[in-house]
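My entries follow in the order in which I worked.

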Amino acid sequence: MGVSGCGKSTLGALLAQTLACPFLEGDDFHSADAVDKMRNGTPLTDEDRWPWLDRLGRAIATAKEGHGGAVAACSALRKIYRDRLRATIGGPVRFVMLDNDRDALLARLGNRPGHYMPASLLDSQLATLERPLPDEGAMILTTDMPAETLRDRVLGALR
């Protein structure tokens with residue numbers, strides 16, 4: 001979890017490959033209307049996000065049923081979004097928040113040609129972000145090291 005450009009997809013794909021389980025890209029579950037809003041620089045509202053979170057949560061639950069586990073990349077910026085995902089998925093869910101400073105995130109966003117999420121929406125995501133509380137059991141990693149190192153840290157925490 002984390003804001004756009006933090007490395008969710010890269011780390012998620014590495015984790016899924018290592019764990020031999022499905023990887024679900026949260027961006028793939030947005031409606032066409034939500035993608036158009038973001039592409040045009042309009043931040044999503046909670047009303048835009050609820051159906052997206054529900055679609056993603058159901059897909060994760062199905063993947064867990066069929067494969068024993070799954071890894072998903074999803075912003076999950078607010079606690080209520082994470083709670084909704086947990087409720088929809090059922091069973092154990094672990095969140096890993098990827099963090100970095102605004103300048104590093106902007107640089108990463110500049111290196112994603114063709115992605116619908118413009119760098120202009122980063123500030124709205126940072127304003128929306130609610131860092132996980134201690135009782136959520138989330139792991140928080142700063143993405144200032146190679147993705148393989150981050151993967152190994154997550155795997156170590158899962159064991």
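**Loop residues, fold and pocket**

I began with Ala 20, which lies in the loop between H1 and strand S1 (23-25); helices here are DSSP runs of H or I with at least four residues, strands are runs of E with at least two, and both are numbered from the N terminus. The model is a predicted one, in which local features need pLDDT of at least 70 and side-chain atom pairs count only at pLDDT 80 or more, while totals for chains, interfaces and linings use all residues. Residues are numbered from 1 along each chain as its sequence is written, and side-chain values use heavy atoms, with hydrogens and water left out.

I noted that Ala 20 has a positive phi of about 55° although it is not a glycine. Most residues other than glycine have a negative phi. Ala 20 counts as exposed because its relative accessibility is 69% (buried is under 20% relative accessible area, exposed over 50%, partly exposed in between, with a 1.4 Å probe and protein chains only).

I then turned to the loop between S2 and H4, where I found Ala 76, another residue that is not a glycine but has a positive phi, here of about 40°. Ala 76 is buried, because its relative accessible area is 0%. In the loop between S2 and H4 I also found Ser 75, which counts as buried at 11% relative accessibility. Leaving aside residues up to four places away in sequence, I listed Met 1, Gly 2, Lys 8, Trp 52 and Gln 125 as touching Ser 75, where contact means heavy atoms within 4.5 Å.

Buried residues make up 42% of the 159 residues, and of the contacts between residues at least 6 apart in sequence, 75% join residues at least 24 apart. The C-alpha atoms fill a box of roughly 40 × 35 × 30 Å, taken along the principal axes.

Last, I looked up the largest pocket, with about 670 Å³ of space (a pocket is an open set of points on a 1 Å grid over the protein atoms alone, where a 1.4 Å probe fits, with protein on both sides within 12 Å along at least five of seven lines; lining residues have an atom within 4 Å of a point; the volume is the space filled by probe spheres set on the points). Of its 27 lining residues, Ala 70, Val 71, Ala 72, Arg 94 and Phe 95 are the closest to its centre. H1 supplies the largest share of the lining, 5 residues.
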